[in-house]
Amino acid sequence: MPIILSVTMTAAVSPAVTAAPAHQQGAFESIASPKERVNRAIVLGFYTALNRGNFGHLDNVVRPDLIQHYPAIADGRAAFRAYHAGLRNQNPDLRYTVKRTIAQNDLVVTHSHFVGKAGDAGVAKINLFRLDKGKIAEHWEVNEAVRPPGTGNDMFSTLSSPRISKSLPFATDAESEHVARAAFVEIVNQPDDELRLQALDRYIGDNPYYQHFPNVPNGSGALQQFIHDAFAAQPDYRANVKTVVAEGDLVAVFVHLENLFDMKNGVGADLYRVRDGKLLEHWVVIEPTPPTSANPNTMY
């Protein structure tokens with residue numbers, strides 16, 4: 001069942017709303033272009049406004065004709081604002097905590113933790129925003145209830161060194177995008193165990209490969225076993241790459257999932273940290289496609 005909770009973006013125009021969280025300030029100047037830094041600040045300001053219940057701010061930073069891809073929300077700024085206002089009415093103390101962001105050209109990706117009520121485990125969210133002339137013009141979103149780590153790691157932390165939730169120049173945008181695309185072509189969608197093992201050596205190698213997908217341990221061996229079991233259970237499963245956004249050593253891959261687990265159709269948003277041409281760390285959020293949608297657009 002899809003999780004109808006949204007965490008979308010907020011932009012900033014007034015200084016009171018624009019200020020980015022302290023852990024974000026000054027983190028990206030050496031990587032992002034001036035336009036990308038502005039777009040990131042707009043999106044982070046959007047989250048600040050949501051946390052403050054300042055829904056009037058959305059009128060400043062969201063286009064009236066917003067194209068919406070999240071099934072629970074209709075197209076347009078008015079529906080977007082009404083959705084978030086309703087969510088806050090249900091959860092007066094809600095909080096969005098942005099864990100990491102990726103900005104490339106006119107796209108911004110956020111990985112965040114939504115908590116509606118104190119004590120709740122909350123929801124892991126990955127949002128994609130397309131900005132046009134300083135305003136949010138299009139929005140995609142993937143949600144998954146936070147699960148306990150089990151045999152793996154939690155869904156949010158950074159374990160690779162340095163342990164910071166920032167994009168660093170450990171890789172170029174092009175290199176990160178190439179490695180992430182190759183991971184899906186040569187590993188995730190590869191049914192042949194031997195060819196997959198070769199690709200795992202090529203794109204992970206001796207890296208510890210820190211894994212934040214619940215119940216999957218660290219390392220390429222665990223990933224190999226997980227994919228082998230997935231193909232054994234559903235040999236026609238497929239992860240179709242739709243959008244890739246890269247900044248430095250962080251890259252986000254949005255995919256259309258077919259016949260995976262108990263889903264006929266779903267959407268996955270995978271985040272990777274890349275270093276020296278290899279995958280170092282992985283986070284993911286997966287959501288099934290609901291049978292109906294408030295807008296005519298695909299989730300991907």
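Student: What should I know before I start?
Tutor: The model is predicted, so to speak of local features requires pLDDT of at least 70, side-chain atom pairs count only at pLDDT 80 or more, and totals for chains, interfaces and linings use all residues. Residues are numbered from 1 along each chain as its sequence is written, and side-chain values use heavy atoms, with hydrogens and water left out.

Student: In what order do the strands E1 to E5 lie in their sheet?
Tutor: Helices (H or I, at least four residues) and strands (E, at least two) are DSSP runs, numbered from the N terminus. Two strands pair if DSSP finds at least two bridges between them. Here five strands make an open sheet, ordered E1-E5-E4-E3-E2, with mixed pairing. Strand E1 (62-68) and strand E2 (95-104) are the edge strands, each pairing on one side only.

Student: How are neighbouring strands of this sheet turned against each other?
Tutor: On average by 25 degrees, direction ignored. Axes are lines fitted to C-alpha atoms, for helices over the stretch in contact, and angles run from 0 to 180 degrees between N-to-C directions.

Student: Over how many bridges do E2 and E3 pair?
Tutor: Over nine bridges, in the antiparallel sense. Tyr-96 has Phe-114 in E3 as its bridge partner. Two residues lie between the strands in the hairpin of E2 and E3, where Asn-105 takes a positive phi near 55 degrees.

Student: Is E3 largely enclosed or open?
Tutor: Buried means under 20% relative accessible area, exposed over 50%, and partly exposed in between (1.4 Å probe, protein chains only). Eight of the nine residues of E3 are buried, so E3 is largely enclosed by the rest of the structure. E3 also pairs with E4 in the antiparallel sense, over eight bridges, and Val-108 stands opposite Phe-129 in E4.

Student: What joins E4 and E5?
Tutor: Strand E4 (residues 123-132) and strand E5 (residues 135-145) pair in the antiparallel sense over 10 bridges. Asn-127 has Glu-141 in E5 as its bridge partner.

Student: Which strands does helix H2 touch?
Tutor: Contact means heavy atoms within 4.5 Å. Helix H2 (residues 34-52) packs on the sheet and touches E2, strand E3 (107-115), E4 and E5, its direction making about 170 degrees with that of E2. Helix H4 (residues 77-90) also packs on the sheet, touching E1, E2, E3 and E5, and its direction makes about 85 degrees with that of E1.

Student: How do I describe two packed helices?
Tutor: By the angle between their axes and the distance between the axes. H2 and H4 pack at about 45 degrees, with axes 10 Å apart. Angles under 35 degrees count as roughly parallel, over 145 as roughly antiparallel, 65 to 115 as roughly perpendicular and the rest as oblique. H2 and H4 are therefore oblique to each other. Phe-46, Leu-50, Asn-51 and Arg-52 of H2 make the contact with Phe-80, His-84 and Arg-88 of H4.

Student: How do H5 and H6 cross?
Tutor: The axes of helix H5 (residues 173-188) and helix H6 (residues 193-203) come within 9 Å and cross at roughly 165 degrees. H5 and H6 are therefore roughly antiparallel to each other.

Student: Where does H5 lie?
Tutor: H5 lies across E7, strand E8 (250-260), E9 and E10, at about 165 degrees to E7. In another open sheet, five strands follow the order E6-E10-E9-E8-E7, with mixed pairing.
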